[in-house]
Amino acid sequence: MRFADPVQAPGGYRRHLKIALLVVAWSLVVAAAAEFLSIAYQKYTHLDAGSYGMFWTRREWLWTHIGGGLLTIVLGALQFLPRIRRGYPRLHRWMGRSFLSGMLLACVGAVGLILTSPAPAAIRIAFAATALAWLVTAFLGYRAIRRGQVGTHRRWMIGCYLVTLAPVTFRAMIRIPGMMEIASPMVMIPTLLWLSWAVPLLVYGMGVALLERTRSRLAPRGRRVDVARAMGVDSA
Ligand code: HEM
C-alpha cells in the first residue's frame with residue numbers, strides 16, 4: 001500500500017498548513033495595521049493643538065504623510081489576496097500604481113516632517129533611512145515587473161510592504177515589556193526605528209535564501225516546496 005507524498009499531494013496537509021499560516025499571518029498584520037490607523041484616526045480627527053501636540057504647527061505635512069501612508073497600508077494588504085491578484089490583473093496593476101502614488105505622497109509628507117522636526121539628528125536620520133528603504137524596495141519591485149521578472153517583483157514588493165509596516169512594527173516593539181528600559185529614549189527610539197524595517201527585511205531575505213537552497217536540493221527529485229511560491233521564490 002502506498003501513501004500519498006505529503007509534499008507533492010495537491011490537497012496534502014502541507015498545502016493546508018501553508019494556507020492556514022498565511023491566513024493567520026495576514027490577519028495579524030491587518031489587525032495590527034487597523035489598530036495603528038484607528039489610534040491615528042482618534043488622535044488627529046480632533047482638530048486642536050492638544051491632540052496634535054508637536055504636529056500642530058506642521059499639520060499639513062502630517063496630513064499629507066498620513067493620507068499617503070493610509071493608502072499604502074490598505075492597498076498593500078489587498079495586493080496579497082490571491083483572488084484579486086490572479087482573478088483581476090488589471091485591478092492589481094491599478095492598485096499597484098495607486099500604492100506607489102500613495103507612497104510618494106507619504107514620502108513628501110515625511111520629508112516635510114523630518115525637515116521641521118525638533119527631534120535629535122539620530123531620530124531624523126533613522127526616519128530618513130526608513131524613507132530611503134521604502135523608495136528603494138518599491139523602485140526595485142517596479143523595475144522588476146517592467147522587465148517581466150514576476151518572482152523578483154513579488155519578492156521586492158513583499159519587502160516594500162514590510163517597510164510600509166515599519167510604524168506598526170515600531171509601535172509593537174516599544175510595547176514589549178522592558179524594551180524602553182534597556183537604554184534612554186534618545187538611544188532606544190532611533191535604534192527601534194532602524195530595527196522596525198531592517199529586522200523584518202533581514203528575516204524575510206534569510207527565509208527566501210533558505211527556501212531557495214531547499215528547493216534547489218529537492219528539485220532534482222521532482223519535489224516542490226509549496227511555501228516557496230508564497231514567499232516569491234518560485235520564479236526569476
Ligand atoms: C515607511 C516609511 C515611513 C516614514 C519614513 C515615516 C516617517 C514619519 C515621520 C518623519 C514622522 C514624524 C515624526 C516626528 O516628527 O517625530 C511620522 C509620523 C507619523 N507617521 Fe509615518 N512614516 C512612514 C510610514 C508611515 C505609514 C505607512 C503610516 C500610515 C498611515 C504612517 C503614519 C504616521 C503617523 C500617524 C504619524 C504621527 C505620529 C504618531 O501619531 O504616531 N507613517 N512618520
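Of the 236 residues in this protein, 20% count as buried. Please keep in mind as you read that the model is a predicted one. The fold is built from ten helices and zero strands, so that, read from the N terminus on, the elements run α-α-α-α-α-α-α-α-α-α.

**How the helices pack**

Two packed helices are described by the angle between their axes and the distance between the axes. Here are those two values for each pair.

| Helix pair | Angle between axes | Distance between axes |
|---|---|---|
| H1 and H3 | about 160° | 11 Å |
| H3 and H5 | about 150° | 7 Å |
| H5 and H6 | about 160° | 10 Å |

On the H1 side, the contact is made by Val29, Val30, Ala33, Leu37, Ala40 and Tyr44, and H3 answers with Ile66, Leu70, Ile73 and Ala77. By class, this contact of H1 with H3 has ten nonpolar residues, no polar ones and no charged ones.

What does H3 look like from its other partner, H5? The two pack at an angle of about 150°, with axes 7 Å apart. That angle makes H3 roughly antiparallel to H5, and H3 passes H5 in a left-handed crossing. In the contact of H3 with H5 there are 13 nonpolar and 15 polar residues, and no charged ones.

At an angle of about 160° and with axes 10 Å apart, H5 is roughly antiparallel to H6. Here too the crossing is left-handed, as H5 passes H6. H5 brings Leu100, Met103, Cys107, Ala110 and Ile114 to the contact, while H6 brings Arg124, Phe127, Ala128, Ala131, Trp134, Leu135, Ala138 and Tyr142. Sorted by class, the residues of the contact of H5 with H6 are twelve nonpolar, no polar and one charged.

**Around the ligand**

Which residues come nearest to the ligand? Of the 22 residues around the ligand, these are Ala40, Gly69, Phe127, Thr130 and Ala131. Several elements give two or more residues to the shell: H1, H3, helix H5 (89–116), helix H6 (121–146), helix H7 (150–164) and helix H8 (166–174). H3 gives the most, with six residues. By class, the shell around the ligand divides into 15 nonpolar, six polar and one charged residue.

Some of these names have come up before. Ala40 belongs to the H1 side of the contact with H3, and Phe127 and Ala131 belong to the H6 side of the contact with H5.

**Two residues up close**

Alanine 49 has its place in helix H2, which covers residues 49–52. Is alanine 49 buried or exposed? A residue counts as exposed if 12 or fewer other C-beta atoms lie within 10 Å of its own, and alanine 49 has 12 of them, so it is exposed. Arginine 59 is ten residues away from alanine 49 in sequence, and the two are 9.8 Å apart in space, C-alpha to C-alpha.

Proline 200 lies in helix H9, which covers residues 185–218. With 18 other C-beta atoms within 10 Å, proline 200 is partly exposed; being buried would take 20 or more. What does proline 200 touch? Not counting residues up to four places away in sequence, proline 200 touches Leu162 and Thr169. Threonine 169 is 31 residues from proline 200 along the chain, and the C-alpha atoms of the two are separated by 8.9 Å.

Conventions
Residues are numbered from 1 along each chain as its sequence is written. This is a predicted model: local features need pLDDT of at least 70, side-chain atom pairs count only at pLDDT 80 or more; totals for chains, interfaces and linings use all residues. Helices (H or I, at least four residues) and strands (E, at least two) are DSSP runs, numbered from the N terminus. Axes are lines fitted to C-alpha atoms, for helices over the stretch in contact, and angles run from 0 to 180 degrees between N-to-C directions. Two residues are in contact if their C-beta atoms, placed from the backbone, lie within 7 Å. Ala, Val, Leu, Ile, Met, Phe, Trp, Tyr, Cys and Pro count as nonpolar, Asp, Glu, Lys and Arg as charged, and the others, Gly among them, as polar. A residue is near a molecule or strand if its C-beta atom, placed from the backbone, lies within 6 Å of it. Angles under 35 degrees count as roughly parallel, over 145 as roughly antiparallel, 65 to 115 as roughly perpendicular and the rest as oblique. A crossing is left-handed if the near helix is turned anticlockwise from the far one by less than a right angle, and right-handed if clockwise.
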